[in-house]
Each structure stands twice: as C-alpha cells, then as structure tokens.
Amino acid sequence: MRELWRQMGSLMATVVFMYTIFERFFPSSFRDRLQAYAQKVANHFNPYIQITFPEFSGERLKKSEAYNAIQIYLSANSSQRAKKLKAEVVKDSQSPLVLSMDDNEEITDEFQGVKVWWSAKKVSSNPQRYNPFSYYDSSDEKRFYKLTFHRSYRDIITMSYIKHVLEEGKEIELTNRQLKLYTNNPSSGGYGYKQSKWSHIVFENPASFETLAMDQKRKEDILKDLTKFKKGKEYYSKIGKAWKRGYLLYGPPGTGKSTMIAAIAKFMNYDVYDLELTAVKDNTELKKLLIETPSKSITVIEDIDCSLDLTGQRKKKKEEVDNEEQKDPMRKNEEESSKSSKVTLSGLLNFIDGIWSACGGERIIIFTTNYVEKLDPALIRRGRMDKHIEMSYCCFDAFKVLAKNYLAVESHLLFGRIGTLLKETEMSPADVAENLMPKSEDEDVETCLENLINALEKNKEENANKKEEEEAEENLEEEKKKAEEEEQKELEEEKAKEESTQNKEIIKEKTRGEGKSKMCLQITISY
C-alpha cells in the first residue's frame, strides 16, 4: 500500500511538472489549439450533452424568461431531492416558505423514462468594456443552469422536455403569483449585481371594477377594451405595432384615478411599476428602467403635470433663450449639474412609443393628471395615450356602487333625493364615500344617507353662494371697467377741447400776423 501511494505521489508530481513546463515554455496559441483538439477528443468519447441557460440575455440587458421558468420549475421539484437549498419567505402565499436549489448543487429529473441532471452554477466573469445600458457591474458573478443528458435522447430533450419545463414553470408562476407594486430606486451611485433599479412590495390594494364608483356603461367599455388588448397578441403582430396600450386618466382630485389603476392591475393580473420621474437622472436611465420592466406590467406616472416641467421644454420664450446665451458657461454648467433630473420631453416620448418601447410586450402605460390642458399635446396624442378616460364627479350609478360597498344597501327611499342633488351639484366620489361611511356603531343606513344629503345640500348652497360672489365680482369688475372707460372718455373729450381751443388761438395769432404784414406792406408801397 505504501508503494502504491509512493507511485501515485510520483506520478502527480510528474504531471504537475509537465503542466508547468507546458504553461511556461509553449506559446499561448499552441496551447489553445492543443486544448481545443483535446476537448474534441474528449467530446468524441463523452456520451453526454450539456445545455446552459444563462440568467441574462442580450448583453445582460434583460433577465431571461427561460431562466426564470426553469428556476420556478426546479424550486417546485428540487426540495425533496437536493441536499443544499435556498429558503425564501413569501408573504400571504399558499407556500410561505419557498425552497430552491442552491448554487453548485445538482439534482436529477426524469421525463418519459429519460434521466437528466440539472445543476445551478455560478462563475465570475472577466472585466468587459463599459456598457452604458448594462444594469450590473461586468466583473460580478454570473449564474446559469446547466442541463446534462445522454446524446441518444437529444430529440426528446430539445423538442419535448425543455418545452415541458418552460410551460410547467410558467403555470406554477401563475398559480402562486402575487401582484407586486414597484418603485424606481434613485439614480445616484452605481448598481451592483444584486441591486436592481426597481424595489417592490406585495400589492395588496383590494380595489376592483366591482367596487369602482363609476358609470356602468363607461366601466363596461373600459373592461371590453382591456379584454381586447389582453387577447391581442396576434392582432398587434398582424398590424405591425408594439403590443402595448396607453391610458390617460384625467379629472378633479378624489375622482378615483388611483383606484382605477388598482382595478386594472387586478383585472389584468399585472404588476404595477410606479415611475417617479424626479428620481430618474436622465433619458438614458429612463431607457434602462424601461428595459428592466417585464411583460404583463403596468407602468404608471401619476400627476404627470407635476412630476417634471415637461410642458415648457418644447419651446422657450425668446427672453429665456437670450438670457441663457448671455450666461457665463461655468455658471450654466453648475446649474445644469444641480438639477435633480434631466429627463426631457423628447426622452419621455421615446419612452412611451420610441424604438425602445417595443422591448417586451403586453404592457400598459398609464398617466394621471388633474389638469389635462397643461400637458403637451404630443404627450397625450392617440398612439401614445390611446384611450382618454375622464374621471368625473360622482353620478347616481357611482353613488349606488358606493352605497352597496359602504352600507350593503341597493335601494332606499332617500335614493331619489340623493339622485336629484347629484344632478344639481358636484361632489367627488371620495367625498361621497366619506359621508356614507359610518363613524360609530350608532349610525345606521338612514343616518348615513341623511348625512350625505346634508353634505350635498351644504355643497349646493356653497356652490350657489360662490357663484353669486363670482357673478358679483364680475359685475363689479364690469362696472369698474365701464367707469374707467367713461373717465377715459371724459379725459379724451377734455383733451380734445383743449386742443381745439389751442388750435383756434393759433389760427387767430396767425391771422393777426398776416394782417400786420399786409399793413406794413401797404405803408411801404405808399411810402
């Protein structure tokens, strides 16, 4: 036994020595060629085929959907076979503790009697050139799954098994799916491998179209539009248009714009990406955020008229342009660098329907605003914001939905009076809901409805008083304007009289002067 270990040690030392000589004295081109031939020989005798599925595709611009589906599939099937597992707690899920295969771990799977091996790998990548659209440092670790199988089963694996894994993974994802609400991280600083441009929480908003206070016909119209969009993959491909749709929600505060977004997300089963433009550094960062937004998602920009000064960027006043040209270059650079966001109207337009907007499909973009007239027409034209939805004041249909939600009542004797008042005055659904909500255990349905009637009557009276005050102010302004006009007219008449008097005196003096000249001429002649 000792002699055997001695011979093995001698053999290993010889191999290490030969390898060192090979690495040091042979040129790299020769080594590479020799290693390539050695790999070919090994592959000729190796009966197994390996397929890798990297975590990112396209220069790491986008996370691979195949990798995600495989990860979900293996998570559902690896917990009982793998020895090294990663644990993740998922809130409010059927399986609160999700187990997945750890790095450098291997498990087996079987499909139609064929045995395959899955392994999770993690390697360090070499530094590469800087890519301005890459989210992560190029020197960070890269992850991938490796599938190994016998070459005699190539057709079964490539044509049936991989398709089965991807479809099964997507079905599991849909079954355990939880809606998420994302917000973009500030653009300051770099982003490492494990850092994303989006942070998220579970989206637990209970709003739905059933509880949305809105006119029933308009609600049905929106639902039909969303259903048509969801089933429109082939149609959008046929007409040569990116599979996305824009919605503009506009109306006074408290009319349910945010509730509409939550209802759309729940109906479509899409995640919501709440984009805060003031936290975006520039147009390039905006493109990166768009790329990292997946399919089946809703990108929301709320109160877009207040997010950034996008309305005045298309054209500037001549005085502002002249002032900018006269500024000191150093001071101008300091002002530019001090701006928290350099997103322009052009960058936002490209974000909505530019070339980059076609990355991925089945996306919805929603803008909300209280003042639609403030927005640049190019921002909300058809093709960018395809459907404009006005969120108006509470109507009778919306009131009936709120009464059912808050009081569990569908009809009452006071409904007629409330319907009449809603036609005579304007009140937002939020204010109606607040008045319908019981404030104590003693308040019953009738009390809450009477509270709403009192609030509507008070609102009607306030609006009437406000209208009278406005009319009085308008009348006062008109009278003031008339008085100023009359005063101006009198001043002009007085001025005209003075000018007429002055002209008459000038004519008299001129006439006297001519008479004196004639007398002098006659005296001279007679002399």
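User: Which residues form the aromatic cluster in this model?
Analyst: In this predicted model, one aromatic cluster is made up of Phe 53, Phe 111, Trp 118 and Tyr 161.

User: How many aromatic pairs does a search of the whole structure find?
Analyst: The search finds 14 aromatic pairs.

User: Why is the pair of Tyr 182 and Tyr 273 called stacked?
Analyst: Ring centres have to lie within 6.5 Å to pair, and planes under 30 degrees apart count as stacked. The centres of Tyr 182 and Tyr 273 are 4.2 Å apart and their planes are at 5 degrees, so the pair is stacked.

User: What makes this pair a tie between parts of the chain?
Analyst: Tyr 182 belongs to strand E9 (residues 180-184) and Tyr 273 to strand E12 (residues 271-274), so the pair ties together parts that are 91 residues apart in sequence.

User: What makes the pair of Trp 198 and Tyr 273 edge-to-face?
Analyst: The planes of Trp 198 and Tyr 273 are at 85 degrees, with 4.9 Å from centre to centre; planes over 60 degrees apart count as edge-to-face. Trp 198 lies in strand E10 (residues 198-202) and Tyr 273 in strand E12, 75 residues apart. Both Trp 198 and Tyr 273 are buried.

User: How do you know that the charged end of Lys 374 sits over the ring of Tyr 371?
Analyst: The charged end of Lys 374 is 4.6 Å from the centre of that ring, and the distance limit is within 6 Å. The definition also asks for a position within 35 degrees of the ring normal. Lys 228 sits likewise over the ring of Tyr 235, with its charged end 5.6 Å from the centre.

User: Why does Met 1 count as exposed?
Analyst: Exposed means over 50% relative accessible area; Met 1 has 71%, so Met 1 counts as exposed. Met 1 is in the segment before helix H1 (2-25). Together with Leu 4, Trp 5 and Met 8, Met 1 forms a nonpolar surface patch of about 490 Å² accessible area.

User: Which residues of helix H12 are buried, and what do they pack against?
Analyst: In H12 (residues 345-353), Leu 345, Gly 347, Leu 348, Leu 349, Phe 351 and Ile 352 are buried. Their packing partners include strand E11 (244-250), helix H8 (283-291) and strand E14 (363-369).

Key: Residues are numbered from 1 along each chain as its sequence is written. This is a predicted model: local features need pLDDT of at least 70, side-chain atom pairs count only at pLDDT 80 or more; totals for chains, interfaces and linings use all residues. Side-chain values use heavy atoms; hydrogens and water are left out. Buried means under 20% relative accessible area, exposed over 50%, partly exposed in between (1.4 Å probe, protein chains only). Helices (H or I, at least four residues) and strands (E, at least two) are DSSP runs, numbered from the N terminus. Contact means heavy atoms within 4.5 Å. Patches are made of residues with over 30% relative accessible area and no salt bridge: like charges are joined within 9 Å, nonpolar side chains (Val, Leu, Ile, Met, Phe, Trp, Tyr) within 5 Å. Accessible areas come from the Shrake-Rupley method with a 1.4 Å probe; for residues, only the protein chains shown count as cover. A salt bridge is a side-chain nitrogen of Lys or Arg within 4 Å of a carboxyl oxygen of Asp or Glu. Rings of Phe, Tyr and Trp (its six-membered ring) pair if their centres lie within 6.5 Å; planes under 30 degrees apart count as stacked, over 60 as edge-to-face and the rest as tilted.
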